[in-house]
Amino acid sequence: MSYPPAVQLLLAALAVLVALGCLATTRELGRRVLLVSLGAAIPVFAAGMASLPAHVVTLASFAGVESATGLAQVLMSTVSTVLLVLVVISYRRRLRGRCPRCGHTHPGTGDGPLAHPRAGIASKRTRLAVYVLMCGLLPWAGVKTIWTLGGDALGVSAQGWREAGGSGAGEVLAAVGIDVTVLAAMAGVFLLLGLMYPWGQVFPRWTPILAGRRVPRLLPLLPAWLAAVGLSVYGVFLLIYAPLTAAGVLPSPVITPPFTTSAGIIWMIAFGGLAFGGLGLGLVAAAKSYAKRTRPVCAAYLSEHGAAE
C-alpha cells in the first residue's frame, strides 16, 4: 500500500514524537498523559504491519518481492510496534510502583535472576474459544481441498488454480495440488496448539537434542503476536469489504484469473476473512494465555512470597 506524501510526512513526524516520548519515560515527566499518548500511537504503527503475513507467505514461496520499499515499511512498522508496546508496558508498571521487568512489587532493582513457572495447559475457556475461531478456516480450506482433488468451486477449475500458483516454489506446489497458503495456515495452527499445551513451553521428546529443555518464551510469542495483529486486521477488513461489495456499496472487484466471476471473488474474500480473522484472533487469545502462564518473576519477589507454583 502506498501513502500520499502528506500522510508519509505525518507518519514520520509521529515517529519522531513517539521517539521523544520514549526518551521522556526515563525522566519524571508527563506521567499518565505521556502513557496515554504512547499507547494511542500503537494502533497507527500496528496498522502499518497488517500486510506482514502476506509478505511472509510471498517470501516463503520464493515468488519474489513486489516492493522492496513496501516490505521495508512493513518491517519498520513491525519493529516500532513491538518496541513501543514494550516501552508502554514497562512505563505503566513503573507508574504503579511495580518492577518494570516482571510486573510485581518487590525490593531491589529487578536486575537479578528470573524464575520460570512450570509448564501448564491453557484454561478450558481459552481452548474452547481458540477451537471455535479455528473453525473459520473450514470454508476456505474446503474450497482449497476441492481444487486439490480436481473439482471446480466458485467458478474456478482445478487446472486454473494450478496455473495461477505463482512462481518458484508456489508454482511447483500448485502443480502437485498443494497451495502455499494452506501450508502457512498449517504452520499457524501448529503455533496455536503449542501456545495452549505444555509442549510449547518445554521441548517434547520428539525434538532431538532440545528435548526436556525450556522453550525460550519469545520463540513462540513473538511470531504469534506479529502474525496475530496482521491476520486479525486483514481478516476483519475482508469481512467488512465482502458484504459491502456484494451489496453494491463498494465497486465489484476486477475479475482476474483463475476466477471467472465477481461473485466467486467476493465469496473467496469472505472465506479468506473468516480464515485469516479466525486464525489471527485465535492467536491473540492463545498468546495472551501463554504470556500469562509463562511470565517469569524476579528472585527478589520469590524471596518474599515463596517459590513459584
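Trainee: How much space lies in the second largest pocket?

Mentor: About 1300 Å³. This is a predicted model, where local features need pLDDT of at least 70, side-chain atom pairs count only at pLDDT 80 or more, and totals for chains, interfaces and linings use all residues. Residues are numbered from 1 along each chain as its sequence is written, and side-chain values use heavy atoms, with hydrogens and water left out.

Trainee: Which residues lie nearest the centre of that pocket?

Mentor: Ile 89, Arg 217, Leu 221, Trp 225 and Ala 291, out of 32 lining residues. A pocket here is an open set of points on a 1 Å grid over the protein atoms alone, where a 1.4 Å probe fits, with protein on both sides within 12 Å along at least five of seven lines; lining residues have an atom within 4 Å of a point.

Trainee: And which element gives the most to the lining?

Mentor: H4, with 7 residues.

Trainee: Switching to packing, which element gives the largest share of the largest nonpolar core?

Mentor: That core has 19 residues, with Val 130 and Leu 195 among those with the most contacts inside it. H11 gives the largest share, 6 residues. A core joins buried (under 20% relative accessible area, 1.4 Å probe, protein chains only) Ala, Val, Leu, Ile, Met, Phe, Trp, Tyr and Cys residues through side-chain atoms within 4.5 Å.

Trainee: What is Leu 195 in contact with?

Mentor: Beyond its neighbours within four places in sequence, its contacts (heavy atoms within 4.5 Å) include Pro 220, Ala 224, Leu 283 and Tyr 290.

Conventions: Buried means under 20% relative accessible area, exposed over 50%, partly exposed in between (1.4 Å probe, protein chains only). Helices (H or I, at least four residues) and strands (E, at least two) are DSSP runs, numbered from the N terminus. Grid points are joined across faces, edges and corners, and a volume is the space filled by probe spheres set on the points.
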